[in-house]
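User: Hi! Could you walk me through this model before I set anything up?
Analyst: Happy to, here it is.

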Amino acid sequence: MEEGDEQLSKPSTLRWKILRNALLSRPPSQSDAKSESREIINRISRKGKGNQSFNLIPCHLHQISSTEVQGLTMDACYCYSLPTSIAASNLFLYQRKDNCASITDFEICNKNDIDNTGVVCPWPSEEILSYYCLSHADMFRSKSIIELGAGYGLGGLVIAAASEASEVVISDGNPQVIEYIQRSIAANSEAFGSTVVTSQLLHWNKEDIETLSHKFDFIVASDCTFFKEFHKGLVQTLKSLLKDSGFSEAIFFSPKRGDSLDKFLEEITEAGLTYCISEKYNERVWKSHQELMKGDQSWPNYETDHCYPLLLKISR
Ligand SMILES: C[S@@+](CC[C@H](N)C(=O)[O-])C[C@H]1O[C@@H](n2cnc3c(N)ncnc32)[C@H](O)[C@@H]1O
């Protein structure tokens, strides 16, 4: 979101604006509504064209069978080709077609006190989280991992397919997103080897996470620090999920986006957790960032504050 834009700082305000545009944007003549919707989405995290904003993991639209398509006209399946030598190098992700929204989305969001950003698209930071986890697949061997605010869950699926983790839980607070994650888990089950992969509805301000408490070696998340009203809940969730003793770490990728990341860091410190933050965490990602800063047609409104995710590692 833009700094100082109080009108758009509430998820509910944002939701209703997107809903208004979704309803208005049916015929092509309503292009004004479409571009306004685009602008709102850009304010959350300025997104590039397509799903490969940093051009790290190639992906293409995958043809889904006619039986799958029936009744699912708003859905698409993307095939991500993992740049790795492991056997299962293709991952299939079910997600919404670009610019598709329905009234039901917003009813579900309001009922569950959640925003619809997980349904809008996979955000650029998720690609970076996935690429980073691929590059460090060894560290997940025999470990228990949970992804928070996973959206379509590319990061969790990549860890499950490319590492020999013992368990990967892919979570989000939006029940609609969970349905997509479940379909993707089923579609890729053969790629996971002996890793147990599950989805979990987990809302940072609500869910009782007793059964998940203090059991994860790694917690991963991307682009989850932009709404300040969820900072406290997210930090408490982290505190509950990190192990009480021994190594246990959260790996977050988040653009700075005005003061929202700084405010999140204040909450981390207040809760007695520690963190370290880095800007240059991967040579290829840094190079891609430098190229985009020079100006690139694939992502015309690219700029550091809203688009380039910093790596944040959090522990006790
Ligand atoms: C900007 S999206 C990022 C999604 C995904 N990580 C990505 O980068 O593509 C934020 C995600 O956090 C989830 N979320 C927002 N508030 C939440 C909350 N209070 N509890 C759990 N999930 C939440 C949303 O449903 C959404 O999937």
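Predicted model: local features only at pLDDT ≥ 70, side-chain atom pairs only at ≥ 80, totals over all residues.

User: Let's begin with the ligand. How many residues of the shell around the ligand are nonpolar, polar and charged?
Analyst: The shell has eight nonpolar, 11 polar and four charged residues. Here Ala, Val, Leu, Ile, Met, Phe, Trp, Tyr, Cys and Pro are nonpolar, Asp, Glu, Lys and Arg are charged, and the others, Gly among them, are polar. Numbering starts from 1 along each chain as its sequence is written.

User: Good to know. Which residues are the closest to the ligand?
Analyst: Gly 118, Glu 126, Gly 149, Gly 151 and Gly 173 are the closest, among 23 residues that surround the ligand. A residue counts as near if its C-beta atom, placed from the backbone, lies within 6 Å of the molecule.

User: And which helices supply at least two residues of that shell?
Analyst: Helix H5 (117-120) and helix H6 (124-135) each do. Helices (H or I, at least four residues) and strands (E, at least two) are DSSP runs, numbered from the N terminus.

User: Zooming out, how many helices and strands does the protein have?
Analyst: There are 12 helices and 10 strands. Of the 316 residues, 41% count as buried, that is, with 20 or more other C-beta atoms within 10 Å of their own C-beta, again placed from the backbone.

User: Is helix H7 enclosed or open, and why?
Analyst: Helix H7 (residues 154-162) is largely enclosed by the rest of the structure, because nine of its nine residues are buried. Among them are Leu 154, Gly 155, Val 158 and Ala 162.

User: Nice. What about the largest nonpolar core, which residues have the most contacts inside it?
Analyst: Ile 145, Val 158, Ile 159 and Ile 219 do, in a core of 67 residues. H7 gives the most to this core, with seven residues. A nonpolar core here is a set of buried Ala, Val, Leu, Ile, Met, Phe, Trp, Tyr and Cys residues joined through C-beta atoms within 7 Å.

User: What does Val 158 touch?
Analyst: Leaving out residues up to four places away in sequence, Val 158 touches Leu 82, Leu 91, Ser 130, Cys 133 and Leu 134. Contact means C-beta atoms, placed from the backbone, within 7 Å.

User: Switching to sheets: what is the order of the seven strands in the open sheet?
Analyst: The order is E6-E5-E4-E7-E8-E10-E9, with mixed pairing. Strand E6 (196-201) and strand E9 (274-278) are the edges, each pairing on one side only. Two strands pair if DSSP finds at least two bridges between them.

User: How do E5 and E6 pair?
Analyst: Strand E5 (residues 167-172) and E6 pair in the parallel sense over six bridges, and Ile 170 stands opposite Ser 199 in E6. Helix H8 (residues 175-187) lies across both strands, at about 165° to E6. Such angles run from 0 to 180 degrees between N-to-C directions, with axes fitted to C-alpha atoms, for helices over the stretch in contact.

User: And the sheet of three strands, what is its order?
Analyst: E1-E2-E3, an open sheet with antiparallel pairing. Strand E2 (residues 75-81) and E3 pair over seven bridges, and Cys 77 has Tyr 94 in E3 as its bridge partner. H7 packs on this sheet, touching E2 and E3, and its direction makes about 160° with that of E3.

Notes. Buried ≥ 20, exposed ≤ 12 C-beta atoms within 10 Å, placed from the backbone. Contact = placed C-beta atoms within 7 Å.
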